[in-house]
Amino acid sequence: MKIDLRSDTVTKPTREMQEAMWEATVGDDVMGDDPTVNALQEKAAELFGMEDALFCASGTMTNQLAIKFHTQPGSDVICDKYSHIYLYEGGGIMLNSLSSVKLLDGDKGRLTASQVAAAISPEHDIHSTVTRLVSLENTMNKGGGSYYDFDEIKAIRQVCNEKGIPLHLDGARLFNALVETGETPRQFGEVFDSISICLSKGLGCPIGSLLLGSKETISKARRFRKSMGGGWRQAGFLAAAGIYALDHHVKRLKEDHARAREIGKIFEVKAEVEAVFPVDTNIVIIRLADGISEVEYVQKLAELGILAVTFGRGLVRFVTHLDFNDSHLEQLQKSIA
């Protein structure tokens, strides 16, 4: 039995989700008349208390669309040095928006208001880029699934307000944070100008992400999406999975977190593991002892039927998800004993 912990993107639609997909009423989304896509967008906008939403193929697309409509060529985006928008989106900030980045060294990827304030480019310095956007990531992938203290987010919002700079959230795994903190989507909708949420990670959809914002910004994003080749037709079959996930797969994320913590405990006692990063949500990162290759270690795990990914020098990452259950956890423990 293969145990796939490479990512929470590897899940397959549940039978109930499949049924919802096949029963969907569809139309042509490019023409704006796919009723299920429209229903998903309206549902998400209402959930976050934002004006509008746009269904897209990926979180990379939703993030890049947001950066595109918030910035201008020659401007800069403030983000953590380990941000997904910087490390894992194919250089999209530079390629799509002709913008630069101000990379900050956060606490497991989490920035502070004072860091953001210090990084904003001087307003009248002709030698500098102009800061047009601040982007946060919650939960933070490279931070081992760490999440923000909401008070710090509000403090960053205040800094942005004072400088007239928009605030974007890469919330690919935002619901993982919300089930731990008890905060609501509407609280986040109140402090961010745009939010990207992924449906195909912890929520278990086969594909898709949503971009949320104002009517004006989503209208711009829809045009940019088209120019990127991102317009799709009878996408309601996929949107139906998103509606089902928002209704049925949010609360259960706590189960993924509990199993991730158990994985952390399993590896803590392994001689070849120097440290296990704090397990806040569904991501487990281990640091191997000196001299042990992360590539070889992942290969050895694969031979035992356990799939993981390298995550930097000496680091290995595991991600729990709805297709990883208690029997898989038990098998993992036996396999590496």
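Predicted model: local features only at pLDDT ≥ 70, side-chain atom pairs only at ≥ 80, totals over all residues.
**View 1. Crossing of helix 2 and helix 11.** The axes of helix 2 (residues 35-48) and helix 11 (residues 236-248) come within 8 Å and cross at roughly 30°. The crossing of helix 2 past helix 11 is left-handed.

**View 2. Residues in contact between helix 2 and helix 11.** Helix 2 contributes Thr36, Val37, Ala39, Leu40, Lys43 and Leu47 to the contact. From helix 11 come Gly236, Ala239, Ala240, Gly242, Ile243, Leu246 and Asp247. Sorted by class, eight residues in the contact of helix 2 with helix 11 are nonpolar, three are polar and two are charged.

**View 3. Setting of serine 7.** Serine 7 sits in the loop that runs between strand 1 (3-4) and helix 1 (15-22). The relative accessible area of serine 7 is 11%; buried means under 20%, so serine 7 is classed as buried. Apart from neighbours within four places in sequence, the residues in contact with serine 7 are Arg173, Arg317, Val319 and His321.

**View 4. Side-chain polar contacts of serine 7.** The side chain of serine 7 is joined to that of aspartate 8 by a polar contact of 3.4 Å. A polar contact of 3.1 Å links the side chains of serine 7 and threonine 9.

Notes: Residues numbered from 1 in each chain as written. Heavy atoms only, no water. Helix = DSSP H or I, 4+ residues; strand = E, 2+ residues; numbered from the N terminus. Buried < 20%, exposed > 50% of the residue type's maximum accessible area, 1.4 Å probe, protein only. Polar contact = N/O pair within 3.5 Å; in protein donor to acceptor, adjacent residues only side chain to side chain. Contact = heavy atoms within 4.5 Å. Axes fitted to C-alpha atoms, helices over the stretch in contact; angles between N-to-C directions. Left-handed = near helix turned anticlockwise from the far one by under 90°. Nonpolar A, V, L, I, M, F, W, Y, C, P; charged D, E, K, R; others polar.
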